[in-house]
Amino acid sequence: MSAPTPAGPDPEGPGLQRPGFGRPSPALLARADRGYARFLAPTTPAAPDDGDQDDAARQR
């Protein structure tokens, strides 16, 4: 014996998940896009370091 199939739509209760559960929100996707674009952006070369301490350490 099985339980009867409900005739109406699924009830929304505290234990049921919304249909969009597990899908990222548009705001989260936009933030990820900005971060990825920042990651891919060209970088400027680093300024040459005077390195006085590094030179002294290499000579030892």
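## Basis of the model

Because the structure is predicted, local features need pLDDT of at least 70 and side-chain atom pairs count only at pLDDT 80 or more, while totals for chains, interfaces and linings use all residues. Residues are numbered from 1 along each chain as its sequence is written, and side-chain values use heavy atoms, with hydrogens and water left out.

## Helices and exposure

The protein has two helices and zero strands, taken as DSSP runs numbered from the N terminus (helices H or I, at least four residues; strands E, at least two). Of its 60 residues, 2% are buried, where buried means under 20% relative accessible area, exposed over 50% and partly exposed in between, with a 1.4 Å probe and protein chains only.

In helix α1, the number of buried residues is zero out of 15, so the helix lies largely in the open.

## The aromatic pair

The structure holds one aromatic pair. The ring centres of Y36 and F39 are 6.4 Å apart and their planes lie at 20°, so the pair is stacked; rings of Phe, Tyr and Trp (its six-membered ring) pair if their centres lie within 6.5 Å, and planes under 30 degrees apart count as stacked, over 60 as edge-to-face and the rest as tilted.

Y36 and F39 stand three residues apart in helix α1 (residues 26-40), and are therefore separated by about one helical turn. Both residues are exposed, Y36 being counted so because its relative accessibility is 52%.
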